[in-house]
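Subject: The structure we talked about

Hi there,

Here is the structure I promised to pass on. Please have it open while you read, and my notes come after it.

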Amino acid sequence: SAIFNFQSLLTVILLLICTCAYIRSLTPSLLDKNKSGLLGIFWKCARIGERKSPYVAVCCVVMAFSILFMQ
């Protein structure tokens, strides 16, 4: 379970942010119609992925390095 392992939780969050940003780049109307409520989490993750993309990319590279070479 990713909840009890901090590295797995960070991996899941990074994958969620990257996936939502990619989906929004392909079909923006899919996530834009759900800006509030429970599905608004995906819209917020897409916004984080778009606006903070250099930081998200660096985090993905660091996470990939740590998964490949530290474990």
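Below is what was found in it, starting with the overall picture and ending with a few single residues.

First, some ground rules. This is a predicted model, in which local features need pLDDT of at least 70 and side-chain atom pairs count only at pLDDT 80 or more, while totals for chains, interfaces and linings use all residues. Residues are numbered from 1 along each chain as its sequence is written, and side-chain values use heavy atoms, with hydrogens and water left out.

**Overall picture**

The protein chain has four helices and zero strands, in the order α-α-α-α along the sequence. Helices (H or I, at least four residues) and strands (E, at least two) are DSSP runs, numbered from the N terminus. Along the principal axes, the C-alpha atoms fill a box of roughly 40 × 25 × 15 Å. Of the 71 residues in the chain, 21% are buried; buried means under 20% relative accessible area, exposed means over 50%, and partly exposed lies in between (1.4 Å probe, protein chains only). Contacts are counted when heavy atoms lie within 4.5 Å. Among the contacts between residues at least 6 apart in sequence, 54% join residues at least 24 apart.

Two packed helices are described by the angle between their axes and the distance between the axes. The axes here are lines fitted to C-alpha atoms, for helices over the stretch in contact, and angles run from 0 to 180 degrees between N-to-C directions. Angles under 35 degrees count as roughly parallel, over 145 as roughly antiparallel, 65 to 115 as roughly perpendicular and the rest as oblique.

Helix α1 (residues 6–26) packs on helix α4 (residues 53–69) at an angle of about 140°, with the axes 11 Å apart. The two helices are therefore oblique to each other. From the α1 side, Q7, L10, T11, L14, I17 and C18 take part, and they meet V56, C59, C60, M63, S66 and I67 of α4. By class, this contact has nine nonpolar residues, three polar and no charged. Ala, Val, Leu, Ile, Met, Phe, Trp, Tyr, Cys and Pro count as nonpolar, Asp, Glu, Lys and Arg as charged, and the others, Gly among them, as polar.

α1 also packs on helix α3 (residues 40–51), at an angle of about 90° and with the axes 7 Å apart. That makes α1 and α3 roughly perpendicular to each other. On α1 the contact involves L16, I17, C20, A21 and R24, and on α3 it involves F42, W43, C45, A46, R47, I48, G49 and E50. The contact of α1 with α3 divides into nine nonpolar residues, one polar and three charged.

**Cysteines**

How many disulfides does a search of the whole structure find? The search finds zero. A disulfide is a covalent bond between the sulfur atoms of two cysteines, and the cut-off used here is a pair of cysteine sulfur atoms within 2.5 Å. For C20, the closest cysteine sulfur is in C45, 5.0 Å away, which is too far for a bond. C59 is in no disulfide either, as the nearest cysteine sulfur, that of C60, is 7.1 Å away. C20 counts as buried, at 5% relative accessibility, whereas C59 is partly exposed, with a relative accessible area of 41%.

**A few single residues**

Q7 lies in helix α1 and is partly exposed at 25% relative accessibility. Leaving out residues up to four places away in sequence, Q7 touches M63, S66, I67 and Q71. Q7 and S66 are 59 residues apart in sequence, yet their C-alpha atoms are 9.3 Å apart in space.

S25 is also placed in α1, and at 51% relative accessibility S25 counts as exposed. Its C-alpha atom is 8.9 Å from that of A46, which is 21 residues apart from S25 along the chain.

N5 lies in the segment before α1 and counts as partly exposed, at 39% relative accessibility. N5 and R47 are 42 residues apart in sequence and 26 Å apart in space, C-alpha to C-alpha.

Best wishes
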